[in-house]
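Have a go at each task before reading its solution.

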Amino acid sequence: MFADLIFLSPWVLTALAAVPVLWWMLRVIPPRPKTINFSAFFFLKGLDTNLKSAARTPWWLLLLRSLVVIFFIVAFAEPVLHPTQDLPGGTRGEVLMIVDNGWAAASNWKTREDKFHEYLQKIQRSGRTVVFLPTSPSPTDGRLHSYGPTPAEKGLEWVNRLRPNPWPADYTDAVTLAQKIKNEHPVTHTVFFSDGLAAPSELLELVQALVTDDSTNNPYVLQQTTQNTGQIGFSLERLHTTVQDTPLRLLAYSDEGTVLDDVKINFPADKTEHGFIWDTLPEVRNKTSRLELRDPPMASGVFLVGTQWRQHPVGIVATAEQKESRDFLSEAYYLRRALEGNNQVTIDQLEVLLKLPLSALILPDSTPLTAAEKTTLLAWVRQGGFLIRFAGSNLAAQSEDTLLPVMLRSGQRTMAGAMTWEKPAHLGTIAEQSPLYGLPVPQDVTVTRQLLAEPSPETFEKTWLQLEDGTPLMTGSKIDKGTIVLIHTSAGPDWSNFCYSGLYVESLQRMVSLSNGISDHKVQTTLPPLLLLDGFGRLATPDSQAITASIRPDHEFEPSPLTPPGIYGNSQEFQAFNLGSYLPRLESLKEVPMSITTEPYQQTGETNLKLPLIQAAIILLLAETLVTFWLRGIIAFATVLLAAVIFSTPATAAQEEKDLVSGIYLGYITTSDQTIDRTSFNGLTGLGEEINKRTSAKVKGVSALNPESDQLSYYPLIYWPMTERQDELSVAAARNIQNYLSQGGMIIFDTRDGQFGGSQDSATPGARQLRKLTQRIQIPELIVVPSDHILTRSFYLLDEFPGRYSGGKLWVEKEPSPHHDSVTSVVIGDNDWAAAWSKDAGDQSRYEIEPGGERQREIAYRFGINLVMGALTGSYKADQVHVPYILERIGQ
Amino acid sequence: MTQNNDNLSRAGMLAGRLPGLLLEAERVAHSFMKGIHGRRQVGTGEAFWQFRPWQQGDASRDIDWRQTGKREEIFVRQTEWEAAQTVWLYRDASESMNYHAKKDYAEILLLALGIVLLNGGERVGLLGTNLLPQTGYAAVQRIYESLSAQTHLVESGHTVAAKSSVILISDFYFPIEQLSTFCEKLASRDVTGMLVQLFSSDEQTLPYRGRVRFQDVEDRASEPLLVQEVEAIRSAYEQKFTAHQENLAALSRGLGWKFIKLSTETQPEVAITKLYNSLSSQK
């Protein structure tokens with residue numbers, strides 16, 4: 001074990017020679033005698049005073065003292081266990097640290113940082129200075145910059161600020177710069193901290209040592225491969241195989257930052273590439289704004305969705321009168337019902353619709369269009385719009401119409417009616433070339449009237465759906481960039497019962513999802529950066545110092561300081577540029593020249609034993625003192641024992657009991673859901689920190705409370721989140737809470753469902769739960785918090801009370817009892833405040849705030865502070881409101 | 001002064017308990033009713049001694065008519081013979097007595113004894129002072145005031161009359177010869193006595209450790225004694241201590257006196273009972 005123990009100051013060990021001398025001195029020089037005035041001196045006379053018993057100083061005491069000395073000497077010789085090799089290159093000059101900080105370095109960045117620190121220690125030990133050379137261009141000017149030469153301590157600060165960038169390394173510049181540094185400075189050792197990706201041999205030639213290992217340098221790249229409706233294929237690529245299968249988690253996030261899906265992937269051990277299908281509901285897919293590899297957190301593991309999966313807003317063209325109508329027979333009604341589940345549907349006049357960013361327009365037959373309108377509509381289609389038309393009597397009456405995929409025969413075909421023998425037609429098959437291929441065809445759909453297409457060779461190709469007799473029911477054709485689809489029957493039930501079938505809904509949705517989305521048909525010249533990824537794959541607004549520029553969509557995207565991966569555009573129209581999509585195949589660092597020494601990132605576990613040894617010596621010294629005192633009779637043996645007990649008792653064992661009365665404690669009611677309890681705890685703790693920071697009130701802690709058994713009256717404020725699984729209150733619990741409220745306590749009920757909007761709506765689960773829970777408690781009459789309420793001004797001036805959500809109403813007691821200082825005893829809201837107050841950066845307990853972000857979190861803290869201050873100070877602040885009047889009266 | 005006053009009051013408290021003690025003694029043994037040490041024979045006294053059948057020559061005024069009336073015989077009432085005796089008290093005031101407050105203890109004991117004796121009708125004197133032997137309870141105050149005059153073990157002032165008693169309370173940490181000459185002189189005059197040796201447990205066991213420098217409190221100017229290791233001489237010390245006690249016992253035995261060892265750890269109440277019992281038991 002001590003085979004690799006070295007001493008940094010071995011000369012100190014010579015002092016060990018002094019230990020025997022000390023031993024001898026301890027024996028020769030006796031301790032100072034204690035003087036006792038003694039009465040029975042008479043008996044002492046004539047006794048042999050020089051008599052000594054055999055064991056004078058106990059051997060173990062001498063050993064103890066020697067150990068103290070030895071420990072101190074050894075400690076100051078600075079022993080180091082498992083020492084790392086000293087850096088070659090002597091003690092002069094500089095050490096050049098070439099550090100990869102491109103996108104791939106983000107994998108296991110912490111391990112890298114530790115290695116940097118270890119190297120800096122070694123550099124410091126060898127008395128040299130350090131020059132850094134990061135290999136990826138700086139975000140502020142897009143160029144490489146070296147740093148140094150600088151002493152290792154200052155280098156530490158620089159390294160701690162160094163972050164991986166979400167773009168590749170620039171090895172060409174790095175080689176040039178490294179050569180320049182070597183020419184200008186006396187570099188005695190060069191080490192290259194590789195990210196595992198291939199580096200040019202010119203760079204390796206400059207290097208004496210290489211730090212790399214497969215487990216640290218294993219970046220993952222996420223890429224979308226295919227997209228079918230409903231299923232999206234992804235591939236994950238990595239640099240090295242592993243020993244065991246790697247379980248990975250891919251989280252799908254919404255715009256608001258809520259986790260929509262958690263995909264678990266098992267990356268096979270012997271592979272570097274793994275494809276998988278993300279099979280999810282269309283609703284989930286539509287809401288997803290980004291997919292993120294949970295570990296390692298890096299830019300290449302984030303897939304930003306941009307617009308391609310997004311909701312396809314659909315417009316239904318209607319006249320002004322139709323717009324208002326809620327007629328069951330109107331075509332717009334059926335269309336709207338078919339589409340609104342998955343799409344944003346707008347029913348309006350054409351001129352209004354064309355101003356909106358829509359991906360598809362639906363033109364029912366009942367909506368007449370002027371010739372001018374038809375021309376603009378055609379222009380819109382030519383630019384990439386998707387038009388779906390329905391046939392009807394109006395279309396049948398028209399002789400000429402350009403907005404059609406096929407030529408139509410004039411007049412309509414009527415298959416069932418007073419004047420015909422024909423039976424209503426059933427649906428036929430869907431041809432393979434049809435975009436609708438794969439949808440199930442119901443057998444019970446019958447068409448009584450249709451418009452017939454002029455037979456031509458193209459008609460067959462343009463047919464998307466046909467009747468059993470082979471006549472087309474749905475035809476579509478491309479017109480420039482756009483598409484026009486005609487359904488040869490009515491959108492409503494007039495001509496067929498198609499509108500009642502599942503196919504009606506599915507085919508419409510399929511068609512809408514085929515529409516290219518809104519950004520394609522409007523060619524924007526440039527897209528400014530909206531949200532950019534950092535090296536760890538976190539989205540943030542562009543840094544004002546960065547040199548990021550707008551992107552021209554027609555130019556090829558290349559991740560660089562100028563254009564980092566991220567979302568470009570504006571909040572309405574944007575496009576995502578993912579790092580993974582633009583990376584070449586991963587190529588690992590190979591063919592390392594034999595002259596280069598290679599070492600892994602893993603720490604060698606160097607341990608400096610100086611401090612533990614000094615601690616041990618001090619403890620021994622204390623023990624020695626106690627024992628000596630005891631031997632000289634200064635203190636009793638019991639005291640020695642007591643001291644030993646005190647020393648041996650761990651400090652944690654003597655944990656202080658909370659003295660709830662001595663300070664302010666906030667309480668929360670526990671639920672059966674541990675996640676919510678943890679959020680409540682973290683939230684109140686975070687709020688407490690803010691209160692301690694900003695106000696003179698000192699919150700000492702947070703307690704979890706069970707209303708049944710805990711004494712509530714210690715707490716000025718109790719936070720009570722609603723969950724669906726809370727049991728009804730027992731009689732004892734209800735009485736306890738009632739007591740608390742009647743004694744002037746304050747409870748804030750949080751239904752936590754602000755995203756559903758409004759707790760006054762009894763339908764939300766939180767509100768139902770609140771009603772169920774509180775039926776045994778007498779809740780006083782409530783009002784929506786008035787603008788001059790104490791909660792709006794007890795510390796901060798507020799006019800809203802957001803939590804994780806905002807906008808919900810806040811209810812307070814209508815007429816608070818003057819016995820309780822007119823402080824409201826209950827506050828009811830739905831904004832999930834604890835989630836906003838929660839500060840814990842780890843895991844998932846820090847929630848994203850919607851829609852206001854950090855600003856909203858700040859307001860949430862302010863509300864929390866107001867709440868606590870209100871609970872603590874009562875009407876004091878309310879009285880402050882009257883100060884102007886009081887001053888006025890005093891003036892009189 | 002306050003210290004002494006305190007001693008007096010504590011002594012009073014101790015003595016105040018004694019009537020109860022006397023009552024208890026009365027219940028246990030009929031022998032003594034009055035005084036600390038009744039003669040245990042018929043004599044002129046106030047305490048009842050016994051009823052005896054009338055005999056020829058008994059004075060008719062001695063007949064106890066009540067007893068006679070109860071029985072068929074004539075009974076004569078006899079009282080116990082009592083004689084007041086002078087008890088000379090002494091407590092050692094040397095420096096060594098200050099060790100562990102032995103002197104205080106001794107004074108409490110002495111005064112309590114004085115109270116008891118005075119209550120019992122005895123005459124109490126302070127050895128080596130000019131105070132005349134006192135009678136009556138009120139004399140305690142005077143005894144107490146003269147206590148400070150008692151500095152050495154000498155028979156100065158009033159001579160100890162023959163057939164009286166002496167009670168010496170001291171640690172006797174001095175050569176036995178000094179004591180024996182003094183005692184033998186008294187004993188030759190038919191004076192009975194009691195030696196009460198007071199010691200603290202530290203003096204008995206020498207509980208110190210290691211290197212200790214001992215300073216003689218009796219003679220501050222003398223050279224201190226450096227003991228290299230107390231543990232080594234402890235047993236020799238204890239032997240000497242016990243031998244001294246045996247010498248004291250032998251001395252008192254030889255004179256027909258009594259010897260009592262008292263550790264300061266003994267409760268004064270217990271101590272005084274011990275002394276009292278020892279006083280009243282006649283050999």
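**Exercise 1. Sort the residues of strand β17 (residues 345-348) of chain A by face: which are on the covered face and which on the uncovered one?**

Keep in mind that this is a predicted model.

Step 1. Now read off the faces. V345(A) and I347(A) form the covered face of β17(A), while T346(A) and D348(A) form the uncovered one.

Step 2. Look for the neighbour. Strand β16 (residues 314-317) of chain A pairs with β17(A) in the parallel sense, over 4 bridges.

**Exercise 2. Work out the strand order of the open sheet of 7 strands in chain A, and find which strands are at its edges.**

Step 1. Walk across the sheet. The order is β17-β16-β18-β19-β26-β25-β24 (chain A), and the pairing is mixed.

Step 2. Pick out the edges. β17 and β24 (463-466) of chain A each pair on one side only, and these are the edge strands.

Step 3. Check the twist: from one strand to the next, the average is 15°.

Step 4. Compare pairings at the two ends. β17(A) and β16(A) are parallel, whereas β24(A) pairs with strand β25 (residues 472-479) of chain A in the antiparallel sense, over 3 bridges.

Step 5. Helix α12 (residues 371-382) of chain A lies across β19 (386-390), β25 and β26 (482-487) of chain A. Relative to β26(A), α12(A) runs at about 120°.

**Exercise 3. Two residues other than glycine, N108(A) and D190(B), have positive phi. Find where each one sits, and decide whether it is buried or exposed.**

Step 1. Take N108(A), with phi of about 55°. N108(A) belongs to the loop between β4 (94-99) and α4 (109-125) of chain A.

Step 2. Count its neighbours. N108(A) is classed as buried because it has 21 C-beta neighbours inside 10 Å, and the cut-off for buried is 20 or more.

Step 3. Do likewise for D190(B), whose phi is near 65°. Its loop runs between α6 (176-187) and β6 (192-199) of chain B. D190(B) has 11 C-beta neighbours inside 10 Å, so it counts as exposed; the cut-off there is 12 or fewer.

Step 4. The bond from D295(A) to P296(A) is cis, with omega near 5°, and P296(A) is in the loop between β14 (288-293) and β15 (302-304) of chain A.

**Exercise 4. Describe the contact between chains A and B: how many residues does each chain bring, and what does chain B use?**

Step 1. Count the residues: chain B brings 29 and chain A brings 25.

Step 2. List the elements on the chain B side. β7 (212-216), β8 (225-227) and α8 (230-255) of chain B each supply at least two residues, and α8(B) gives the most, with 7 residues.

Step 3. You get 16 nonpolar, 4 polar and 9 charged residues.

Step 4. Strand β2 (residues 34-38) of chain A and β7(B) pair in the parallel sense over 5 bridges. N37(A) stands opposite Q215(B) of β7(B).

Note on methods. Residues numbered from 1 in each chain as written. Chains lettered and ligands numbered in written order. Predicted model: local features only at pLDDT ≥ 70, side-chain atom pairs only at ≥ 80, totals over all residues. Contact = placed C-beta atoms within 7 Å. Nonpolar A, V, L, I, M, F, W, Y, C, P; charged D, E, K, R; others polar. Pairing = 2+ DSSP bridges. Axes fitted to C-alpha atoms, helices over the stretch in contact; angles between N-to-C directions.
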